[in-house]
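Try each task before reading its solution.

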Amino acid sequence: MKPDSPFHENDITLRKPGNMSIKKLLIIKCGDTIPELAVRKGDFEDWIIAGAGLKSPEVLTINVEKDEPLPTAGELSGVIITGSHAMVTEHRPWSEKTAVWLASAVGKIPVLGICYGHQLLGYALGGKVADNPAGREMGMVDIRFSAAATEDALLGEFSSGIKAPVSHKQSLIELPPSAVHLASSTREPNQAFRHGDSAWGLQFHPEFDIDISNAYIDYCHDLLVDEGQIPGEIKKSCHDSDSGTAILQRFGEIIRA
């Protein structure tokens with residue numbers, strides 16, 4: 001980037017001529033992906049940025065696992081919380097601090113939690129996270145939307161149902177008080193929820209493509225076998241889908257509004 005450019009990637013706002021500023025979307029990075037996958041495909045935040053059709057100067061990425069400090073919500077246009085290889089029930093200090101921050105941000109700016117981010121958001125708002133009693137859920141699954149999803153600002157246009165990638169061991173087994181249940185799958189009762197008008201949790205991965213899904217199935221191969229699941233059969237379920245990208249782009253429209 002040229003030194004005289006009005007855009008600085010580490011600034012919270014984008015500066016435009018006439019002293020107008022556009023607030024950035026915050027990506028809360030809750031860890032790193034598989035090293036081999038990162039070399040080929042980038043990391044969690046890269047998949048989200050690409051899927052949402054954003055440009056790097058529009059985004060501020062904060063790695064909370066490395067204790068990078070979070071800005072105040074009022075300085076931002078919205079926030080997306082990534083997945084993680086950690087577990088919410090481990091109650092790591094960085095995760096607990098992020099939960100407190102999220103609880104204070106909800107209602108002020110649009111919030112979207114993905115997988116670990118979904119669970120952490122639910123936990124921050126008073127829900128309960130634990131190991132999924134049905135076991136690890138991976139591959140591509142049918143997402144069934146509730147009647148409440150029909151009019152939902154984020155998921156309404158998808159409410160007839162989609163297939164989406166999943167990769168998780170833990171679940172938000174109890175939704176927060178006042179949360180609206182939006183979606184489920186065969187192994188996961190709480191695939192999506194909304195809290196208030198502008199905070200959403202998605203247990204599925206709108207940012208995954210078939211390559212990422214297959215890499216995680218290979219990564220968890222032995223764990224899946226131990227549970228009696230067949231990794232090769234799970235991989236056969238995987239394919240690319242436009243639905244995840246459309247959901248991320250819809251969230252981008254919400255924050256711009």
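**Exercise 1.** Decide whether Asn132 is buried or exposed, and find what it touches.

*Solution.* Start with the area: Asn132 has a relative accessible area of 7%, so it counts as buried (under 20%; exposed is over 50%, partly exposed in between, with a 1.4 Å probe and protein chains only). Finally, list its contacts (heavy atoms within 4.5 Å): leaving aside residues up to four places away in sequence, Asn132 touches His168, Lys169, Gln170, Ser171, Arg187 and Glu188.

A note on the source: this is a predicted model, where local features need pLDDT of at least 70 and side-chain atom pairs count only at pLDDT 80 or more, while totals for chains, interfaces and linings use all residues. Residues are numbered from 1 along each chain as its sequence is written, and side-chain values use heavy atoms, with hydrogens and water left out.

**Exercise 2.** Describe how helix H2 (residues 44–52) packs with helix H8 (residues 242–256).

*Solution.* First take the geometry: the angle is about 80°, and the axes are 7 Å apart. That makes H2 roughly perpendicular to H8 (the class runs from 65 to 115 degrees). Then look at the residues: Ile48, Gly51 and Ala52 in H2 meet Thr245, Leu248 and Gln249 in H8. Sorting the residues of this contact by class gives three nonpolar, three polar and no charged (Asp, Glu, Lys and Arg count as charged, and Gly is among the polar).

Definitions and conventions
Axes fitted to C-alpha atoms, helices over the stretch in contact; angles between N-to-C directions. Helix = DSSP H or I, 4+ residues; strand = E, 2+ residues; numbered from the N terminus. Parallel < 35°, antiparallel > 145°, perpendicular 65-115°, else oblique.
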